[in-house]
Structures are given as C-alpha cells and as structure tokens.
Amino acid sequence: MAKATGRELEGVMRTDRAGEHARPRERGEIGVAAVRGGDSIGEHTLMFLADGERLELTHRAFDRAIFARGALRAARWVASKAPGLYSMADVIGLGDLG
C-alpha cells in the first residue's frame with residue numbers, strides 16, 4: 001500500500017495499538033496487526049477501510065502443507081539462480097513487487 005501510494009512503509013506503518021503508546025491511528029497511517037489462536041494455520045486479510053464501508057481480500061490456509069509446497073517450489077527455482085536477493089514474487093513470476 002505504501003509503495004502504491006508513493007510513500008515509504010517505515011514512515012506510515014503503525015503496529016502498536018496497546019500499552020503506553022496507544023493512540024488512535026492517524027489518517028494515512030497503515031495499520032498492521034497479527035492475530036493468532038485456535039486452529040488457524042494461516043489467515044491474512046487486507047482491508048481498505050472508510051467511514052461506513054470496508055473492502056476485504058482474505059487468504060486462508062487450512063493445511064500447513066501449502067507452505068511446505070511453496071518452500072519446495074522456491075528451493076527448486078533458486079537452485080539454478082546466481083547468488084542474489086530474491087522474493088517469492090520472483091519465484092512465481094511476478095517480478096519485483098517489494
């Protein structure tokens with residue numbers, strides 16, 4: 001989101017919503033939160049929020065094998081590459097999304 005809006009993530013990312021530094025998020029900040037519990041293997045939701053509406057894109061993994069398959073695919077892909085810094089976007093053919 002930061003890159004798409006021409007900003008540096010480090011300047012707009014907000015992770016702390018509790019404790020002594022708690023305050024409402026300011027307009028333009030990008031909130032990042034992690035929730036873990038129960039039998040959730042992996043759930044990721046990107047939310048675009050405005051007054052009176054919310055758009056969500058969610059990915060849910062129900063089996064850890066999905067992550068193992070991704071790791072094996074990445075290992076096979078990188079084995080033939082020159083030393084360097086690569087991302088999963090490179091592995092799946094999406095180029096530099098970072």
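This note comments on a predicted model of a protein chain, point by point.

1. Confidence. The average pLDDT over the protein chain is 86, and 94% of the residues score at least 70. Confidence is highest in helix H2, at 94, and lowest in strand E2 (residues 30–31), at a mean of 86.

2. The E3–E4 hairpin. Strands E3 (residues 42–50) and E4 (residues 53–61) run antiparallel and are joined by nine bridges. Within this pairing, leucine 46 has leucine 57 of E4 as its bridge partner. Two residues separate the strands of the hairpin, and glycine 52 in the turn adopts a positive phi of about 80°.

3. The largest pocket. This pocket holds about 1400 Å³ of space. Its lining comprises 33 residues, with Gly31, Val32, Ala33, Thr45 and Met47 nearest the centre. Strand E1 (13–14), E2 and E3 are the elements that give two or more residues to this lining.

4. Sorted by class, the lining of the largest pocket has 15 nonpolar residues, ten charged residues and eight polar ones.

5. Isoleucine 66. This residue belongs to helix H2, which spans residues 65–78. Isoleucine 66 counts as partly exposed because its relative accessibility is 41%, a value between the 20% and 50% cut-offs.

Note on methods: Residues numbered from 1 in each chain as written. Predicted model: local features only at pLDDT ≥ 70, side-chain atom pairs only at ≥ 80, totals over all residues. Heavy atoms only, no water. Helix = DSSP H or I, 4+ residues; strand = E, 2+ residues; numbered from the N terminus. Buried < 20%, exposed > 50% of the residue type's maximum accessible area, 1.4 Å probe, protein only. Pairing = 2+ DSSP bridges. pLDDT = per-residue confidence, 0-100. 1 Å grid on protein atoms, 1.4 Å probe; cavity = no way out; pocket = protein on both sides within 12 Å on 5 of 7 lines; lining within 4 Å. Points joined across faces, edges and corners; volume = space filled by probe spheres on them. Nonpolar A, V, L, I, M, F, W, Y, C, P; charged D, E, K, R; others polar.
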